[in-house]
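Subject: Structure handover

Hello,

Here is the structure I promised. Please open it alongside this note.

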Amino acid sequence: MTKGTPPPQTAAREEPPGLDLARLRERLDRELPGLTGGPLSAQLIEGGRSNLTYRVTDGASSWVVRRPPLGHVLATAHDMRREHRVISALHETPVPVPEALLLCEDESVIGAPFYVMELVEGTPYRTADQLAPLGAERTRAVVLSLVDTLVDLHAVDPEAVGLGDFGRPDGFLERQLRRWGKQLSASKNRELAGIDELHEALGRALPASPAPAVVHGDYRLDNVLVGAANEPKRGADTIKAVLDWEMSTLGDPLTDLGLLVMYSQDLQLPESPVSTTSGAAGHPSPAELIERYAARSGRDTSAIAWYTAFAWFKLAVILEGIHYRFTLGQTVGAGFDRIGELVPVFIDHGLTTLKEG
């Protein structure tokens, strides 16, 4: 699996931060003898804002390694065991995920728990400009396929795939609000106008959740890999792999839809480090995405404004956490110096969405 090879100016050195290749190979040789055929090199895959993802190769074959970020963060948001467990459970379902190869919770190996999975080749579309060469018809097909894959995820029976105890659906939304409020308190070192108002307003208007499902927690176009037009296995422009399961759990499936709707709105922020593809020709509108999800899943989506406002709040908290780690020098990658200025924008969108309904 890869999120695309970084361009030359951003490619990481042979041993990127947070990955001891010699110790990694020792563990791979012990646990998966014969997997590697020579010394390893690696690149940090740019694009992620939280857990670190590396493309590792021995010159003949390649794999992906995932580990938590370098700084201190909320432990449950970066649990390698959970990520490994959910992609292992979903591997035989219609939801496309990479094959999990190894989980290592021994922090003495690379300094943190990590897991290794297969590399799936594909494209993560992060911006409207990247989608432009596909044209309107193919862009529309890709985004609608994203909705269909989400419906497939939410149709998985958690008990049938061994995920019946993967979360606590009862009181899910209330706990989510409380959890993200605590995350905000742990990551905030400045005043943020409106953030408390948004948090409290969401708490006063909690909707009744539908039947629980496996939720991704960060579902959007640049967290999936899309196949090329000549992809022989599954056809052109299909979703080849869903990535970044660090926030997955059992809970309210409409939280995933709300996040997808949020990312389908034009932020009107040129050169923003937070990507959106909504401006691409052929991109379905948020209303179309909601309608397709409702028709295919059979779920009531009438409260989607709450879920979308919650998505704005959740992203504001995540971005504030990234900004906080950046100020401490604990975040690896480009574009983090501009994250802080986006947080008030997300707060304002959340308040507006909740008030307008």
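Below is what was found, starting with the ground rules.

This is a predicted model: local features need pLDDT of at least 70, side-chain atom pairs count only at pLDDT 80 or more, and totals for chains, interfaces and linings use all residues. Residues are numbered from 1 along each chain as its sequence is written, and side-chain values use heavy atoms, with hydrogens and water left out.

Buried means under 20% relative accessible area, exposed over 50%, partly exposed in between (1.4 Å probe, protein chains only).

Two strands pair if DSSP finds at least two bridges between them. Strand β2 (residues 52-57) runs antiparallel to β3, joined by six bridges. Tyr-54 stands opposite Val-65. On β5 (residues 114-118), four bridges join the strand to β3, again antiparallel. There, Trp-63 has Glu-118 as its bridge partner.

Now the salt bridges (a side-chain nitrogen of Lys or Arg within 4 Å of a carboxyl oxygen of Asp or Glu). The structure holds 16. Arg-66 forms one with Asp-244, with the closest N and O atoms 3.1 Å apart. Arg-66 sits in β3, Asp-244 in the loop between β8 (239-242) and β9 (249-251), 178 residues apart. Both residues are buried.

Best wishes

Conventions:
Helix = DSSP H or I, 4+ residues; strand = E, 2+ residues; numbered from the N terminus.
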